[in-house]
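Q: I'm new to this one. Can you walk me through it?

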Amino acid sequence: MCGIFAISGTDDQAGQKVLAGLKKLEYRGYDSWGIALKYREKNEVIIKKEVGKISNIDQEFPPAQEAFGHSRWATHGGVTKENAHPHKFGKVTLVHNGIFENYLEEKKLFTEKFLSETDSEVIAALLDKNIAEICTQKQCIFPLLAGEGEGEVDQEFAKKIIFDAIVKTVEKIEGRFAILVFVDGVDGIFAARRGSPLILGRGKNETFIASDIPAFLKYTNVVNYLDDDEMVWVHQGEAVYQNMKSREIIQKRDIEVPWKEEQAEKGDFPHFMIKEIFEQKDTIARAINHDDEELLKAAKLLENCNGAYIVACGTAHKVAMVAEYYFARISGRKVNVVPASEMPDFERFINEKTAVIAISQSGETADVMEVLERSKKKSAKILALTNVESSSMARLADVHLAINAGPEKAVASTKAATSQMALAFLLAYADAEIRGISKINVGREILRSTAGIINDNLNPRYEEHIREIARKLFPEEKLFIIGRGTLYPMALEAAIKIQEVSYIPALAFAAGELKHGPIALIENGTPCIVLGSDLETISNATELKSRGARIIGVATKNDEVFDEWIRVADCDGAQAIASVIPVQILAYHLAIFRGLDPDMPRNLAKSVTVK
Ligand code: G6P
């Protein structure tokens with residue numbers, strides 16, 4: 001949710017590089033974009049901002065060695081040029097990812113005019129005021145910083161003052177933030193975070209700061225992770241870290257991430273979504289590449305607890321629902337699945353004997369993160385399944401299992417979802433092994449064979465068959481999906497996929513529930529996707545058909561009730577994983593036939609770091 005990216009280097013290409021890097025973060029928000037650069041003359045910051053997607057922009061920037069930018073998903077204030085970041089207030093230029101919840105209280109203390117309606121501009125204003133106040137208190141002899149007259153700035157002293165001012169500013173912020181800051185006359189870029197991600201990329205003579213690694217992967221895969229309540233100053237190859245609470249200087253370890261630039265590129269595919277769907281040929285095998293010891297360590301958290309919750313949002317929540325079936329079926333454990341935003345009422349049941357499992361692609365989703373933070377305070381055991389190993393959730397958890405899907409760029413989650421399911425399946429087997437019911441290897445074999453089947457089936461002919469069905473369906477105004485057992489949450493997931501990329505209202509129900517109300521909506525020709533071909537589901541499909549519905553079966557075997565049939569291989573207990581893939585392909589092609597960009601659906605963002 002909002003992408004931010006900064007470069008401090010030695011060549012004059014900072015503006016161009018920030019533009020290119022921001023394009024790679026656009027999946028985080030695409031309402032507007034903006035770039036601030038320090039024109040070679042140090043005192044001049046140039047800001048360029050526009051409404052709309054940055055991917056369509058191709059332009060030259062004046063020579064600059066330091067620049068930063070922002071790709072926005074609007075929260076406070078509409079989608080206007082004024083509300084686009086960066087914001088300049090006095091000597092401070094700032095971009096912000098997050099939400100300053102109490103900004104109005106602070107804003108009213110200013111008499112100055114604000115140019116935008118954003119919470120972020122208030123952070124810039126507070127910082128500017130605090131810098132001036134600290135300079136006055138310290139009887140600062142550097143008038144540039146105090147906001148009076150001209151003069152030379154002692155850069156070391158200035159850095160200290162700005163660190164002090166950042167600390168004083170963030171003390172006022174309730175909510176989450178990752179900020180990047182220029183201060184007129186002062187070298188370098190300042191950054192700070194609490195709750196929203198920030199990662200530094202360490203190049204030879206240049207340093208990058210970004211919300212996510214793909215922004216700078218072209219230049220370096222050596223990273224430093226900024227933790228909550230830390231700030232940093234960077235200038236060319238230098239970086240100075242400080243803890244905002246203890247005010248200690250921190251030394252960071254350089255970490256090499258295994259991602260390659262091409263993994264975060266579309267390659268020969270027209271969109272990330274279809275590329276990522278096809279990557280499921282090998283991501284599922286990668287997801288289960290954990291040794292028994294790791295899995296047992298994770299499952300032991302459950303063993304010693306007397307209550308377990310899985311919290312997640314969006315697609316990951318549908319994965320969590322599938323996991324609930326897996327635990328029930330495989331290890332005989334009852335887990336409670338709650339959308340993270342609905343957890344507050346249930347948190348009274350969380351204590352030191354509770355296991356809280358987070359499932360999240362990004363590992364940053366604010367609703368999930370907040371449940372984990374509160375649960376941790378109550379000494380609950382935390383297990384996180386995420387795709388981003390360095391994510392906030394991964395670092396907060398007692399045990400983290402990586403799903404190893406590689407960067408997922410399309411807003412609609414596909415490969416991450418199936419990898420999460422595979423790992424949850426294996427975890428249920430690890431739980432079963434501890435309970436003496438089954439063995440991890442039984443689960444691993446089922447998943448290996450599922451991965452092999454998916455590898456064989458995902459081919460252009462299969463895609464073409466589904467594309468033909470999409471051609472017939474794309475003008476429809478509504479669509480139904482049903483499934484039973486683990487295919488019920490997959491029906492819900494199929495509905496999310498279709499809605500979010502094709503904007504066709506898609507309604508999903510447990511197969512047996514349809515006749516308790518929704519069947520009233522079925523008319524002659526209404527398309528209904530039926531996941532599965534077991535006897536009961538077929539009987540539900542027949543009820544639909546006799547009311548005029550057109551049935552698209554997604555199943556291991558054909559049935560006469562199906563008007564169209566999309567074959568799915570028989571994958572034993574892991575059927576949900578195989579069954580969701582054809583619907584992902586269908587959703588993608590529905591979007592294409594409707595002339596939409598499936599990678600960037602309207603109003604959405606990939607990583608929702610605000611509540
Ligand atoms: C957003 C995305 C969804 C995703 C959800 C949870 O809404 O658009 O695709 O499922 O966030 O994200 P997470 O990173 O926690 O899996």
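Q: How many residues surround the ligand, and which are the closest?
A: 13 residues surround the ligand. The closest are T315, S360, Q361, S362 and T365. A residue is near if one of its heavy atoms lies within 4 Å.

Q: What am I looking at, by the way?
A: This is a predicted model, where local features need pLDDT of at least 70, side-chain atom pairs count only at pLDDT 80 or more, and totals for chains, interfaces and linings use all residues. Residues are numbered from 1 along each chain as its sequence is written, and side-chain values use heavy atoms, with hydrogens and water left out.

Q: OK. What lies 2.6 Å from an oxygen atom of the ligand?
A: A polar side-chain atom of S362. Backbone atoms take part elsewhere: a polar one of T315 is 3.0 Å from a ligand oxygen, and a polar one of V411 is 3.1 Å from a ligand oxygen.

Q: And how much of the ligand's accessible area does the protein cover?
A: 90% of the 390 Å² that the ligand has on its own. Areas come from the Shrake-Rupley method with a 1.4 Å probe.

Q: Which helix gives the largest share of the shell?
A: Helix α9, residues 314-331, with 3 residues. Helices are DSSP runs (H or I, at least four residues) and strands are too (E, at least two), numbered from the N terminus.

Q: New topic. Where is the cis peptide bond?
A: Between H85 and P86, with omega about 0 degrees. P86 is in the loop between β4 (64-72) and β5 (87-89).

Q: What about phi of Q236?
A: Phi of Q236 is near 50 degrees, positive in a residue other than glycine. Q236 sits in the loop between β12 (230-235) and β13 (238-243).

Q: Why point those out?
A: Because most residues other than glycine have a negative phi, and most peptide bonds are trans.

How values were computed:
A polar contact is a pair of N or O atoms within 3.5 Å; within protein, one must be able to donate a hydrogen and the other to accept it, and residues adjacent in sequence count only if both atoms are side-chain atoms.
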